[in-house]
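Dear colleague,

I am passing the structure on to you with this message, and below it you will find some notes on what came out of the analysis. Please read them with the structure open beside you.

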Amino acid sequence: MKHEGMDGIESFESPGKGRGLRATRPYRIGDLLFSCPAYSHVLSVSERGYICEHCFTRKEGLAKCGKCKKAFYCNVECQRGDWAMHKLECSAMCAFGENWCPSETVRLVARIIATLKVQKDRSASEKLLLLKDMEANLDRLDNEKREMNEADIAGLHHFYSKHLDFPDHQALLTLFAQVNCNGFTVEDEELSHLGSAVFPDVALMNHSCCPNAIVTYRGTLAEVRAVQDVGQGDEIYTSYIDLLYPTEDRIERLRDSYYFSCNCRECKTKSKDKAKMKLRKLSDGPRPEEIREMVRYARIIIDDFRRAKHEKNILFTATVVCKKPEET
């Protein structure tokens, strides 16, 4: 695939942040800034039987793989489209039985390795950033994270050695570090965890605790939409973490997972900390009967949500009200 770039968006060197994305034309709240198909994705084991392994569509009546009986698909086309990836696991799941238990990260890395083996040109997920150029932060890993990577590499060899040729150990360490730092949790409209994926172009966005963009998912496609007006030349920010955490918690989580300290306006002023702490302390813990009632109500709402979505084709959108982040 020819490197064609991306309409309305470009990569650049963001002062003090490294690589980033910025708009080359203005956008309004709700506009689609860009979309990015997954370079590689894997469905969570807990969602098998409910969601198609290939396209991440949730539907009833999925057809199961005739061999392993554990992978489910919308139709023959989805099954064929996923075979290059599913064959890495199909025989292994049959052979290991109940002992087949690689982590979701190991499963994703196995699929990335398989994709890299056959990839000849730049993919549609790499218009601005090649997967091999994603940040790894290897020199910043502490002993605990290094041990976790080594354990994942051992798991990769244990469950996939018969079906996959591996790069050398250093390359595997780099790849696992890249996935841990740049991987995405794919969620549905109810914010349920569906699986994991890698979107190289989306990973170029820098963090702000007051972002002007949000990432949502349509199947295995990531969509980046504006939640503030974005001017020409403005950097595009998303949030890497839950913004309901107060400042000190956010800083700690960012340092632990992404190896940087945020110095956006919200982190400097801590203006919303009192409100966030109040929200987090509102509940002393519901009584058992209240939990049962909430679960019953949630199930009703989810059923109504799905029925409305599929029968009435209602477009659900979410917006985040937040002031524009200051440049640092």
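What is the order of the strands in the open sheet that includes β3, β11 and β10? The order is β3-β11-β10, an open sheet of 3 strands with antiparallel pairing, where strands are DSSP runs of E with at least two residues and helices are runs of H or I with at least four, both numbered from the N terminus, and two strands pair if DSSP finds at least two bridges between them. β3 (32–37) and β10 (213–218) stand at the edges and have a single partner strand each, so one side of each is left without a neighbour in the sheet. From one strand to the next the twist averages 20°, with axes taken as lines fitted to C-alpha atoms (for helices over the stretch in contact) and angles running from 0 to 180 degrees between N-to-C directions. Within this sheet, β10 pairs with β11 (residues 221–226) in the antiparallel sense over 6 bridges, and V215 has V224 in β11 as its bridge partner.

Before going further, please keep in mind that this is a predicted model, in which local features need pLDDT of at least 70 and side-chain atom pairs count only at pLDDT 80 or more, while totals for chains, interfaces and linings use all residues. Residues are numbered from 1 along each chain as its sequence is written, and side-chain values use heavy atoms, with hydrogens and water left out.

Another open sheet of 3 strands has the order β4-β8-β7, again with antiparallel pairing. Its edge strands are β4 and β7 (184–187), each of which pairs on one side only, and the twist averages 30° from one strand to the next. β4 is joined to β8 (residues 193–198) by 4 bridges in the antiparallel sense, with L43 standing opposite G195 in β8. Helix α2 packs on this sheet and touches β4 and β8, its direction making about 145° with that of β4; contact here means heavy atoms within 4.5 Å.

There is also a hairpin, formed by β1 and β2 with 3 residues between them, and G16 in its turn has a positive phi of about 80°. β1 (residues 9–14) and β2 (residues 18–23) run antiparallel and are joined by 6 bridges, and S11 stands opposite L21 in β2.

Turning to the helices, the axes of α1 and α3 (residues 143–160) come within 10 Å and cross at roughly 80°. That makes α1 roughly perpendicular to α3, a word that covers angles of 65 to 115 degrees. L88, E89, A92 and F96 of α1 make the contact with H158, F159 and Y160 of α3.

Finally, the second largest pocket holds about 350 Å³ of space. A pocket is an open set of points on a 1 Å grid over the protein atoms alone, where a 1.4 Å probe fits and protein lies on both sides within 12 Å along at least five of seven lines, and lining residues have an atom within 4 Å of a point. The lining has 18 residues, of which A84, M85, A114, T115 and V118 lie nearest the centre of the pocket. α1 gives the most to this lining, with 6 residues.

With best wishes

Terms used. Grid points are joined across faces, edges and corners, and a volume is the space filled by probe spheres set on the points. Angles under 35 degrees count as roughly parallel, over 145 as roughly antiparallel, 65 to 115 as roughly perpendicular and the rest as oblique.
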